[in-house]
Structure formats: structure tokens, C-alpha cells
Amino acid sequence: MARGGQALARVAVVVRAGVAPLWWPGLLAAGLGALVPGLTGRRIGLLAGAALFLVTAAAVALARRARYTRLAAEATRAARADFLQDRAVTARAWRRSRRWWLLGAFLAALGLSFVLPGAGGLWLAGAGAGLWLKAVWLGRWEHRRETLLWVRTDWLAKGPVGRPVRAYRTTGIAAGDAAPGGARRRR
């Protein structure tokens with residue numbers, strides 16, 4: 001970028017980008033899995049799936065919160081030369097870089113249906129629900145402080161709190177095309 005600016009992506013948008021590719025295929029795999037009686041029977045499979053859904057959603061929602069909080073507390077103001085990436089571009093880049101992993105997770109969830117009907121799909125949907133809860137938590141943090149959190153796009157290979165991420169940047173609440181929490185901005 002010219003004059004030392006960086007391309008920045010919204011932290012909440014990166015977190016939220018995984019919700020739909022995990023939630024909808026998870027529900028599809030759970031529905032298809034419920035059609036197969038499996039080794040344990042539908043009732044046990046769906047009860048185990050409901051438990052997996054809750055545990056996975058809680059684990060994903062609470063994972064690495066301390067690192068998010070620390071990076072947010074140490075965030076610096078974005079430079080005038082920084083480029084703020086569109087919400088759609090950020091989500092598309094996240095999904096494209098993980099498309100084979102997402103396909104593998106869907107196939108594994110579907111395959112688990114032969115043992116526990118519906119459990120694998122509900123586990124996958126639980127991961128999507130946990131990411132959504134984490135995005136909501138980030139949105140509340142941003143809304144309370146009236147700042148938006150951004151991360152350099154070249155640091156995002158391992159996610160918004162991965163080892164390459166050394167610091168976040170902040171802007172005012174009106175910057176970018178996404179509302180606090182990464183949702184589409186309502187006009």
C-alpha cells in the first residue's frame with residue numbers, strides 16, 4: 001500500500017465468516033443423519049448430538065477470549081493510509097481458504113451418522129453457533145467502547161488471534177461496511 005498503509009479486515013467479520021459454512025451444512029448433515037438408524041438408534045444419536053451441540057457451542061464461544069481481550073486492550077488507532085477491507089471480501093477470502101476443510105468436516109459429520117444419527121451434524125452446527133456467539137460478544141465489546149477492531153489481512157492465515165497477529169487496530173464506529181459484531185450495516 002502507498003505510504004505504509006495496510007489492508008485491514010474486521011475481527012468480528014472474520015469470526016462471523018465461519019458461521020454459515022458450519023451452521024447450514026451441520027443442519028443438513030444432522031437431518032440426513034437422522035434418516036439413518038445408525039448403530040445406536042435415532043433417539044440416542046440425537047440426544048448425544050444435542051449434548052455435543054451445547055458443549056461445542058460453549059467451547060467455541062469461550063475459546064481464546066483472553067487473547068481477544070488482550071489484543072483489543074493493546075489496539076492502536078488505524079492510520080489514515082490504511083485500507084479497510086469490505087465485509088464481503090473478508091468473508092469470501094475466509095471461506096475460500098478453508099473450503100476443503102469445511103467439505104471434510106461436512107463429510108465427517110455425515111459419516112458419523114452411521115454410528116450416532118444426527119450427532120455429527122449437530123456437532124458441526126454447534127461450532128457455527130459458537131462462532132456466532134463469539135461475534136455477538138465482540139460486537140457488544142465494540143458497541144460499548146464505540147470502536148471497531150481491525151486486523152492486518154496478511155496476519156490472518158491462522159485466524160484473528162493466531163500467532164502471527166501481534167496487534168489490532170481501531171477505528172470509529174462508523175468505519176467500514178459492517179456493524180459491530182460483523183453483521184451487515186442496516187441503512
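Helix α2 passes helix α6 in a right-handed crossing. A crossing is right-handed if the near helix is turned clockwise from the far one by less than a right angle, and left-handed if anticlockwise. This is a predicted model, in which local features need pLDDT of at least 70, side-chain atom pairs count only at pLDDT 80 or more, and totals for chains, interfaces and linings use all residues. Residues are numbered from 1 along each chain as its sequence is written, and side-chain values use heavy atoms, with hydrogens and water left out.

**Overall layout**

- The chain holds seven helices and five strands. Both are DSSP runs numbered from the N terminus: helices are H or I with at least four residues, strands E with at least two.
- Read from the N terminus, the order of elements is β-α-α-α-α-β-β-α-α-α-β-β.
- Along the principal axes, the C-alpha atoms fill a box of roughly 60 × 35 × 30 Å.

**α2 with α6**

- The axes of α2 and α6 come within 9 Å and cross at roughly 25°. Axes are lines fitted to C-alpha atoms, for helices over the stretch in contact, and angles run from 0 to 180 degrees between N-to-C directions.
- That makes α2 roughly parallel to α6. Angles under 35 degrees count as roughly parallel, over 145 as roughly antiparallel, 65 to 115 as roughly perpendicular and the rest as oblique.
- Pro21, Leu22, Pro25, Leu28, Ala29 and Leu32 of α2 touch Trp101, Leu102, Phe106, Ala109 and Leu110 of α6. Contact means heavy atoms within 4.5 Å.
- This contact of α2 with α6 has eleven nonpolar residues, no polar and no charged. Nonpolar covers Ala, Val, Leu, Ile, Met, Phe, Trp, Tyr, Cys and Pro; charged covers Asp, Glu, Lys and Arg; the others, Gly among them, are polar.

**α2 with α7**

- Helix α2 spans residues 19-34, and its axis comes within 7 Å of that of α7, crossing at roughly 155°. The two are therefore roughly antiparallel.
- The crossing of α2 past α7 is left-handed.
- Residues that α2 brings to α7 include Val19, Leu22, Trp23 and Gly26. Among their partners in α7 are Gly121, Leu124, Gly128 and Trp132.
- By class, the contact of α2 with α7 has 14 nonpolar, three polar and no charged residues.

**α3 with α7**

- The axes of α3 and α7 come within 7 Å and cross at roughly 25°. So α3 is roughly parallel to α7.
- Helix α3 passes α7 in a right-handed crossing.
- Contact residues of α3 include Gly45, Leu46, Phe53 and Val60, and those of α7 include Trp123, Gly130, Leu131 and Lys134.
- The contact of α3 with α7 divides into 15 nonpolar, five polar and one charged.

**The largest pocket**

- The largest pocket holds about 530 Å³ of space. On a 1 Å grid over the protein atoms alone, a pocket is an open set of points where a 1.4 Å probe fits, with protein on both sides within 12 Å along at least five of seven lines; lining residues have an atom within 4 Å of a point. Grid points are joined across faces, edges and corners, and a volume is the space filled by probe spheres set on the points.
- Of its 22 lining residues, Leu22, Val60, Trp94, Trp101 and Leu131 are the closest to the centre of the largest pocket.
- Elements giving two or more residues to this lining are α1 (11-16), α3 (42-62), α6 (99-112) and α7 (119-145).
- Helix α7 gives the largest share, five residues.
- The lining has 15 nonpolar, three polar and four charged residues.
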